[in-house]
Amino acid sequence: MSWKEEEKKRAALESAKLVKTGQVVGLGTGSTIYYVVEELGRRVREEGLKIIGIPTSNQTEAQAKGCGIALTTLDEHPQIDIAIDGADQVDPNLNLIKGMGGALTREKIVDSAAKYFVIVVDESKMSNKLGINQPIPIEVIPMALTPVMNKIKSLGGNPIVRQPTKTNSKYFVTDNGNFVIDADFGEIKNPEKLEIDLKMIPGVVENGLFINMTHKVYVGEKTSVKVIDKETKS
Ligand code: 5RP
């Protein structure tokens, strides 16, 4: 396993300790959260942990089912006790860019419904400013693609439509049947404002700026895990 995978796994195992019996748990998406879901499944099977999960993607849903985690919906459990998710970039205020896995809309819905929101990353995801070498994923209704691209340009962004990895379709398609634009804004001076400006574009379903949501971050490092709490920031 590479250093990076070890860092992800180390942080993931540590974060999974936060989950307690009886909780409704938001399950994020991505290669880091994969380890969290595996560990929660292990605890369900081997330690009798009783939880109900709400997945943020078809991929996580399949994984959670496969490892024995009971699942529910936001209709049945609109309030989540704890959500654990990954991120593509984390700034010192614990604001995030998410969505390189394409699950940003369901992630923002589930993560924002959680009383406690935890992020798990390897150290390469930490950045002094959001947007440095990291585009913002933006989920878009397909028929609105071109006008949304133009509006993103007028906000100062450089938009690229995400390409599919395996399928024959022209563009990457989300679990919701939409496209994703990756918009490079360079270093983002005011992420709060940009999140709202992007949200206001007709045809944008959601954007990957997750502002003032995170309570705790687990950062996997070479030989340890750094824990950063929102309370100790700002
Ligand atoms: C998916 C996400 C992921 O959490 C984010 O892309 C991090 O993924 P990984 O842990 O694979 O680096 O936002 O939409």
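Predicted model: local features only at pLDDT ≥ 70, side-chain atom pairs only at ≥ 80, totals over all residues.
Residues are numbered from 1 along each chain as its sequence is written, and side-chain values use heavy atoms, with hydrogens and water left out.

**View 1. Residues around the ligand.** Among the 17 residues around the ligand, those that come nearest are Ser31, Thr32, Asp88, Gly99 and Lys125 (a residue is near if one of its heavy atoms lies within 4 Å). The shell comprises four nonpolar, eight polar and five charged residues, where Ala, Val, Leu, Ile, Met, Phe, Trp, Tyr, Cys and Pro count as nonpolar, Asp, Glu, Lys and Arg as charged, and the others, Gly among them, as polar.

View 2. In the side chain of aspartate 88, an N or O atom is 2.7 Å from an oxygen atom of the ligand. For lysine 125, the corresponding distance from a side-chain N or O atom to a ligand oxygen is 2.7 Å, and for lysine 98 it is 2.9 Å.

**View 3. Pairing in an open sheet.** Three strands form an open sheet in the order S5-S6-S12, with antiparallel pairing; its edge strands, S5 (89–90) and S12 (209–210), each pair on one side only. Strands are DSSP runs (E, at least two residues) numbered from the N terminus, and two of them pair if DSSP finds at least two bridges between them. Strand S6 (residues 96–97) pairs with S12 over two bridges, and isoleucine 97 has leucine 209 of S12 as its bridge partner.

Key. Polar contact = N/O pair within 3.5 Å; in protein donor to acceptor, adjacent residues only side chain to side chain. Helix = DSSP H or I, 4+ residues; strand = E, 2+ residues; numbered from the N terminus.
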